[in-house]
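Keep the sequence and the 3D view side by side while reading.

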2 protein chains.
Amino acid sequence: MSVEFDRVLIEPAYRKVAAAIGERILSRALREGERLPPETELARQFGVNRSTVREALRELESRGLLRRRPGSKLMSVSRPQHSAIGQGVSHALLLHDVTVQHLWEALTILEPPLAAAAARARTTADLEALGGAIDACGAAAVDTAATVQRTAEVFRCTARAAHNPVLGLAQEPLLQLLEPSLRIMIDRVPQARSRIIAAHRRLLEAIEAQDEAAARDWMARHIRDFRRGYELAGIDLSLRLTA
Amino acid sequence: MSVEFDRVLIEPAYRKVAAAIGERILSRALREGERLPPETELARQFGVNRSTVREALRELESRGLLRRRPGSKLMSVSRPQHSAIGQGVSHALLLHDVTVQHLWEALTILEPPLAAAAARARTTADLEALGGAIDACGAAAVDTAATVQRTAEVFRCTARAAHNPVLGLAQEPLLQLLEPSLRIMIDRVPQARSRIIAAHRRLLEAIEAQDEAAARDWMARHIRDFRRGYELAGIDLSLRLTA
DNA sequence: TGTTGCCAGTTTGTCCGACAATCATACGAT
DNA sequence: ATCGTATGATTGTCGGACAAACTGGCAACA
């Protein structure tokens, strides 16, 4: 009866070029750090105009697959940085009407097991980095922006100690979303600062002792504390997050 | 002594244009679905060449902030689709040497609480969608690719039932990474298919009954089963994932 | 009435050619 | 050894061009 055809897909050349280069990077035929030929050469190889190549490069650049190393004109292959990926995801979440409640729930689920994994897998180098981050956070004193930044850094160090890039990358957008509201909270709730530092220290102790249960527990308390802070600060948890 | 200067940053025009439009979208000054002016008009407004505008558009397009609705030439504002974001993240993870073990660990952490949240927050509509996805998975019969696709869809429905976009988006890259290796596993381990279906049914029952503990538990078993399947299939868990 | 064909205007995809600014390199001067 | 300069390569940006695809309207036609 009803003869149905699929939409015939016409892919513009710039997307085909981007796909071709991207495929080479994903398959590791182009290795990290390797430099791409100049645009004119790429245009010659693909048989398209330089403008078309440039559009393709912009796409790969924004996916983090290519970047220009400082002080070099040629593009080089790179593995996407956590911060860039996290920014993409957090922007997406902002547009999907994420609330403080959503974010907090995700942190509650993700962070305690992540702390436990860190306690299990940490090396002494990880320990040192984490200790440094915690000290830096304490040293931020009254500078709220710095405190928040460095608290996020403590979480990042914890994830690094867990040696699981999946968890580390899953966490990144949460940290980026957390920052603005956390700044407000700390400004309004003076005691929050010291509670955060205290939680960090306990966490470090547990991770150092490779005590998974304790690490999980202190991280859980830490996250619960965030929620209490939000409530004390009078922040509506069902409010949409903003950039 | 050592006078240090920060690197002076020169931003090319195409990135400034992209940032300007992106900022408008993020701040919701441009609402979803709204159509962007034509490229020539944008070029006029920004005072740059159309080629420059196009490079900026490619960047926003690949971030999922803009897209062309089928059968329309003008770009329109869109919220990034989960699949697109997930693809970006999973590509990043592939380049960061993620192993099956890493992926499985992340699933172990994320999925059971997500199932519990679904049991708590599900509506009857969610239930219906989940039931449909599970039936579809069962109906895939011997078609491995379809089975895997539809298993992922069951997870997506579960996340949707949890009504937390953060969790849904965090899960997406994991599902995309899972597919290739899961296909291999199911092909090698015949009994895996029926175990998966059985787990789905138990999960649905628990979510329907709003039994959080049971939902968490069955999901945990489901994920554990994956691991057993990998071991039976002789897949080395410390092997790097590939596209 | 509803389909088809045609026309003009708009917009994108792609191309070409051009040029200033920046970077790498080598070479020569101090 | 440091500096200045010349040279060539490469990017960022520009202007203009044109075919293809889509839009909307209007006329022809069954």
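Predicted model: local features only at pLDDT ≥ 70, side-chain atom pairs only at ≥ 80, totals over all residues.

Start with chain A. Chain A has 10 helices and two strands. Along the sequence, the elements run α-α-α-β-β-α-α-α-α-α-α-α.

Now take the overall dimensions. The C-alpha atoms of chain A fill a box of roughly 65 × 55 × 40 Å along the principal axes. The radius of gyration of chain A is 22 Å. A compact globule of 243 residues would come out near 18 Å.

One sits inside chain A, between Arg44(A) and Glu41(A), with the closest N and O atoms 2.8 Å apart. Side chains of opposite charge can pair when their charged atoms come close.

Next, turn to the interface of chain A and chain B. Here 49 residues of chain A are in contact with 49 residues of chain B. The size of an interface is often given as the accessible area lost when the parts come together. For chain A and chain B that buried area is about 4500 Å². Carbon and sulfur atoms carry 63% of it.

On the chain A side, the elements giving two or more residues are helix 1, helix 3, helix 4 (82–95), helix 5 (100–121) and helix 8 (165–188). The residues on that side divide into 24 nonpolar, 10 polar and 15 charged.

Of the atoms of DNA strand C within 4 Å of the protein, 67% belong to sugar and phosphate. The side chain of Thr52(A) places an N or O atom 2.7 Å from a phosphate oxygen of DNA strand C. Glu39(B) uses a backbone N or O atom, at 3.0 Å from a phosphate oxygen. Arg68(B) brings a polar side-chain atom to 3.2 Å from a phosphate oxygen.

Both protein chains supply the surface near DNA strand C. Helix 1 (13–26) and helix 3 (50–62) of chain A, and helix 3 (50–62) of chain B, each give at least two residues. Helix 3 of chain A gives the most, with three residues. By type, the surface near DNA strand C has six nonpolar, five polar and seven charged residues.

Which residues come nearest to DNA strand D? Of the 17 around it, they are Arg50(A), Arg54(A), Ala13(B), Asn49(B) and Thr52(B). Sugar and phosphate make up 67% of the atoms of DNA strand D within 4 Å of the protein. Bases are touched too. An N or O atom in the side chain of Arg50(A) is 2.9 Å from a base oxygen of DNA strand D. A polar side-chain atom of Lys73(A) lies 3.1 Å from a base oxygen of DNA strand D. On the phosphate side, a polar backbone atom of Ala13(B) is 2.4 Å from a phosphate oxygen of DNA strand D.

The surface near DNA strand D draws at least two residues each from helix 3 of chain A and from helix 1 (13–26) and helix 3 of chain B. Its residues divide into six nonpolar, four polar and seven charged.

Technical notes: Residues numbered from 1 in each chain as written. Chains lettered and ligands numbered in written order. Heavy atoms only, no water. Near = heavy atom within 4 Å. Polar contact = N/O pair within 3.5 Å; in protein donor to acceptor, adjacent residues only side chain to side chain. Helix = DSSP H or I, 4+ residues; strand = E, 2+ residues; numbered from the N terminus. Nonpolar A, V, L, I, M, F, W, Y, C, P; charged D, E, K, R; others polar. Contact = heavy atoms within 4.5 Å. Buried area = accessible area lost by both parts, 1.4 Å probe. Rg over C-alpha atoms; globule rule 2.2 N^0.38 Å. Salt bridge = Lys/Arg side-chain N within 4 Å of Asp/Glu carboxyl O.
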